[in-house]
Each structure stands twice: as structure tokens, then as C-alpha cells.
Amino acid sequence: MQLSGLSGADYTVLASLSALDGDRMPAHAMCSALGWEKSRLSHQLRRMENDGLIIRERNPDDARSTLVCLLPAGRAAIEKAAPGHVEDVRRNFIDLFTPAELDVLSALNERVLHHLAADEDRLARPIPPAANWSTRGGRQRRDSRATKAELASRAIGIDSSQLSIR
């Protein structure tokens, strides 16, 4: 990705936006989708806006929120970077395994994700307003809204559809 001039964070944001119809999403939804803190996303978006890759604009459906919108330069950047990213994933992950090993990895991934999704469903219940806040480093911070399944998927950086690329 570095050859494309994009950081990993740039690529993540651009890939998220480019996968959507309309190339836009509310900033709060992007925080949830990426599992990022609001301040991290804000700093990242400011850099990307300065680079002309995205723009932030008011959400016409909700004046309290901001839409993150992919610009033509951002679309061009992700389209330029994507083949290299896919090649990196292949070279550093997919090609290290035989087809049989990829099948086993896919099955294991599905088992873990199924277990975590069932656990999420079992544990789902209303959270008291103050319960989603924690104190770290002496400051109150809102806990991530990412589910266990989302965190597991991000931890390995793939989903089962990416395992059958051969």
C-alpha cells in the first residue's frame, strides 16, 4: 500500500466508503464499523480531507451527524491501491496455505464466528446508560461498540469469503 501513497488507515477508510452505494456513510457508523474511537476517526478524516480523498458534510437526514463522502481522487486512490493490497494478502497469507489448509482455516473461522455470534445473542440485553463508559488513563472513554465477532474478524483480518480466493 505504501507504493500507492496510502497509509493502512487511509486504505481502510477508503475501502469502507467505496464498498457502499453512494460512497458515503455517517461518521458515527464508520466509527462503529471500524471499531475506532471518535477522536481517532476525526484526526484520520481531517488528514484525508486535506489530501483531497474525502469530504465531510452535514447529513441532510440528521443535522447532528456528519457524512463522510468519497471524492473522485479517493476513488482513484483506492482503485490504484486495491490490486497491490490483494497481492500482499495473497503473498503474505493465502499462498502460505494449501487448499486443504484454507478449507480448515475457513471452517475454524466459521466455528469461532458462529460461537461469538451466539454468545452475543445470549448476552444481548439493554445496557444502563453509564455502563458503556470506562475509565482508562484517568479519563472517561466510551467503550467500543464492536461486537466480539467483529473483533475476531478484524483480529485475523479476513472473512470466510476471502479464504476461497484460489
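The largest nonpolar core of this predicted model contains 22 residues, and those with the most contacts inside it are V13, L14, L17, M30, L41 and I54. Several elements build this core: α1, α2 (27-34), α3 (38-50), β3 (62-70) and α4 (72-92) each supply at least two of its residues. The greatest contribution comes from α1, which gives five residues.

In α1, the buried residues are A9, D10, Y11, V13, L14 and L17. The buried residues of α1 pack against β1, α2, α3, β2 (54-59), β3 and α4.

L17 illustrates this packing in detail. Neighbours within four places in sequence aside, L17 is in contact with D23, R24, M25, M30, I54, V68, C69 and L70. D23 has a positive phi of about 55°, although D23 is not a glycine. Is D23 buried or exposed? Its relative accessibility is 19%, so D23 counts as buried, the limit being under 20%.

The strands can be considered next. Three of them form an open sheet in the order β1-β3-β2, with antiparallel pairing. Because β1 and β2 stand at the edges and have a single partner strand each, one side of each is left without a neighbour in the sheet. From one strand to the next, the twist averages 30°. In general, strands of a sheet pair through backbone hydrogen bonds, either parallel or antiparallel. Here β2 and β3 pair in the antiparallel sense over six bridges, and R56 stands opposite V68 in β3. A helix accompanies these two strands: α3 lies across β2 and β3, and runs at about 120° to β2.

Q44 lies in helix α3 and counts as buried because its relative accessibility is 5%. Not counting residues up to four places away in sequence, Q44 touches S7, A9, D10, V13 and W36. Among these, A9, D10 and V13 are buried residues of α1. S42 also lies in helix α3, but its relative accessible area of 30% makes S42 partly exposed. The C-alpha atoms of S42 and C31 are separated by 9.4 Å, and the two residues are 11 residues apart along the chain. C31 is itself buried, with a relative accessible area of 13%.

What number of disulfides does the structure hold? In general terms, a disulfide is a covalent bond between the sulfur atoms of two cysteines. The structure holds zero disulfides.

A77, a residue of helix α4, is buried, with a relative accessible area of 14%. A77 and S4 are 73 residues apart in sequence, while their C-alpha atoms are 7.3 Å apart in space. Leaving aside neighbours within four places in sequence, A77 is in contact with L6, L14 and L53. Of these, L14 has been met already, as one of the core residues with the most contacts.

The protein may finally be viewed as a whole. There are seven helices and five strands, and along the sequence they follow the pattern α-β-α-α-β-β-α-α-β-β-α-α. Of the 166 residues, 27% count as buried. Among contacts between residues at least 6 apart in sequence, 57% join residues at least 24 apart. The protein exposes about 10,900 Å², of which carbon and sulfur atoms supply 55%.

Technical notes:
Residues are numbered from 1 along each chain as its sequence is written. This is a predicted model: local features need pLDDT of at least 70, side-chain atom pairs count only at pLDDT 80 or more; totals for chains, interfaces and linings use all residues. Side-chain values use heavy atoms; hydrogens and water are left out. Buried means under 20% relative accessible area, exposed over 50%, partly exposed in between (1.4 Å probe, protein chains only). A nonpolar core is a set of buried Ala, Val, Leu, Ile, Met, Phe, Trp, Tyr and Cys residues joined through side-chain atoms within 4.5 Å. Helices (H or I, at least four residues) and strands (E, at least two) are DSSP runs, numbered from the N terminus. Contact means heavy atoms within 4.5 Å. Two strands pair if DSSP finds at least two bridges between them. Axes are lines fitted to C-alpha atoms, for helices over the stretch in contact, and angles run from 0 to 180 degrees between N-to-C directions. A disulfide is a pair of cysteine sulfur atoms within 2.5 Å. Accessible areas come from the Shrake-Rupley method with a 1.4 Å probe; for residues, only the protein chains shown count as cover.
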